[in-house]
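This briefing sets out selected features of the structure shown below. The points are grouped by topic for use alongside the sequence.

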2 protein chains.
Amino acid sequence: MIFTTKAEYGVRLLVDLGQAGGGDPVALKAIAERENLPLAYLERIVALLRKAGFVESTRGARGGYLLTRRPEDIRMDEVIAALDGPIAPMSCFIDDSATEAHKVVCSHHVDDETGPCGTKLLWTRVHGGVVRALQQTTLADLIAFERGGVVALGAGRRPAGDVLPVITA
Amino acid sequence: MIFTTKAEYGVRLLVDLGQAGGGDPVALKAIAERENLPLAYLERIVALLRKAGFVESTRGARGGYLLTRRPEDIRMDEVIAALDGPIAPMSCFIDDSATEAHKVVCSHHVDDETGPCGTKLLWTRVHGGVVRALQQTTLADLIAFERGGVVALGAGRRPAGDVLPVITA
DNA sequence: GAGCATTCCGACCGATCGGGTCGGCATAAC
DNA sequence: GTTATGCCGACCCGATCGGTCGGAATGCTC
């Protein structure tokens, strides 16, 4: 399993919030019922989203949550990172995004003299595939998909020649 | 974590076998020492590779393992499937490759009337990214990478416009 | 200000599974 | 028959996932 239910539930929560439209705050209880998810668990998940700045909360009666940005500006790679932490193909894989070089520290390979294990190439390619898919998907895409069923390939910003599949409901 | 150590160790085992060149059978003990991996665990892993037809074994003294195909003909998506089983972004994701339609069965969503959750789009894209990266990488690529450090983008068969990153050791 | 709805937060907890070990048997070379 | 190797089932342990529970803080509403 690549992602945990935290990611799944968190994304669905955001989709639900996005569909609400941004008027009054939406109570978590309402989301839990609509999405059929355990409320107590959602509380912990939404806390992650709040700390990461995707939602803001108002407490007390009639309180709830609202998105802080427009859905088009919420990229899934950020969301998933907030919910599940950095995604790594393997435990030995370190996503050193700062330097754009992904480190692979072989757990059982102490002597660094001999070049890196061949798996580094594989994990790096896979990692790239996942990250690209996440970066190219925004919350707005998911909302449109849930509404319409078919999603055109998003709002530009995508490098030419890089194709994501069109999916039908 | 996307992959388990089974996948990691299994791939490294294949790389090691590929580098051996296919003369005499290679004993697992030798591989375990070279790659610095636990022998007992490797035994269980190589069994998966044997059942899947990637290696053949000869028993008894001076026995060991050999690749059954040329490294260029061993695609990583097949290998990983044999080692880790089908890769799924989420527990609710079913890789129905036969029909080319990936089913997403929301665990908490019993009523199928309302369209699929928006996460289906996301998981499908991610799944596609992973599968493509695996399909486009052969054992030969990994061997070349481990030897040379830089890998040109493989032996064709790759759709135009789809780019994998070049990685340096 | 009493009550209620809601967010917030830490503690706890069971099941599953990843990652391995162990012991023993089967088989074949020497 | 001894030794090296493949083969295989049983077991085991720690981590983590996927929650639950109880309660405190906060703020509308009447």
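The structure is a predicted model. Within chain A, A:S57 stands opposite A:Y65 in β2(A).

**Strands β1 and β2 of chain A**

- Strand β1 (residues 55-58) of chain A runs antiparallel to β2(A), and four bridges join the two.
- Together β1(A) and β2(A) form a hairpin, with five residues between the strands.
- In the turn of this hairpin, A:G60 has a positive phi of about 80 degrees.
- From strand β2 (residues 64-67) of chain A, A:G64 and A:L66 point one way, while A:Y65 and A:L67 point the other way.
- These four residues, A:G64, A:Y65, A:L66 and A:L67, are all buried.

**Helix α5 of chain A**

- Helix α5 (residues 119-135) of chain A has 17 residues, which at 1.5 Å a residue should span 24 Å; the end C-alpha atoms are 24 Å apart, in agreement with that expectation.
- Because 14 of the 17 residues of α5(A) are buried, this helix is largely enclosed by the rest of the structure.

- A:L139 lies in helix α6 (residues 139-148) of chain A.
- The relative accessibility of A:L139 is 0%, so this residue counts as buried, the cut-off being under 20%.
- Beyond its neighbours within four places in sequence, A:L139 is in contact with A:L14, A:V15, A:L67, A:P71, A:I74 and A:M76.
- A:L139 and A:V11 are 128 residues apart along the chain, yet their C-alpha atoms are separated by 8.2 Å.

**Surface near DNA strand D**

- DNA strand D is surrounded by 24 residues, of which A:Y9, A:R44, A:R62, B:S57 and B:Y65 are the closest.
- Nine of the residues of this surface are nonpolar, eight are polar and seven are charged.
- At least two residues each come from α1 (5-20) and α3 (39-51) of chain A, and from α3 (39-51), β1 (55-58) and β2 (64-67) of chain B.
- The most is given by α3(B), with three residues.

**Contacts with DNA strand D**

- Sugar or phosphate accounts for 64% of the atoms of DNA strand D within 4 Å of the protein, and bases for the rest.
- An N or O atom in the side chain of B:Y65 is 2.6 Å from a phosphate oxygen of DNA strand D.
- A polar backbone atom of B:L28 is 3.0 Å from a phosphate oxygen of DNA strand D.
- A polar backbone atom of B:A61 is 3.4 Å from a base nitrogen of DNA strand D.

Terms used. Residues are numbered from 1 along each chain as its sequence is written. Chains are lettered from A and ligands numbered from 1 in the order in which they are written. This is a predicted model: local features need pLDDT of at least 70, side-chain atom pairs count only at pLDDT 80 or more; totals for chains, interfaces and linings use all residues. Side-chain values use heavy atoms; hydrogens and water are left out. The expected span of a helix is 1.5 Å times one less than its number of residues. Buried means under 20% relative accessible area, exposed over 50%, partly exposed in between (1.4 Å probe, protein chains only). Two strands pair if DSSP finds at least two bridges between them. A residue is near a molecule or strand if one of its heavy atoms lies within 4 Å of it. A polar contact is a pair of N or O atoms within 3.5 Å; within protein, one must be able to donate a hydrogen and the other to accept it, and residues adjacent in sequence count only if both atoms are side-chain atoms. Ala, Val, Leu, Ile, Met, Phe, Trp, Tyr, Cys and Pro count as nonpolar, Asp, Glu, Lys and Arg as charged, and the others, Gly among them, as polar. Contact means heavy atoms within 4.5 Å.
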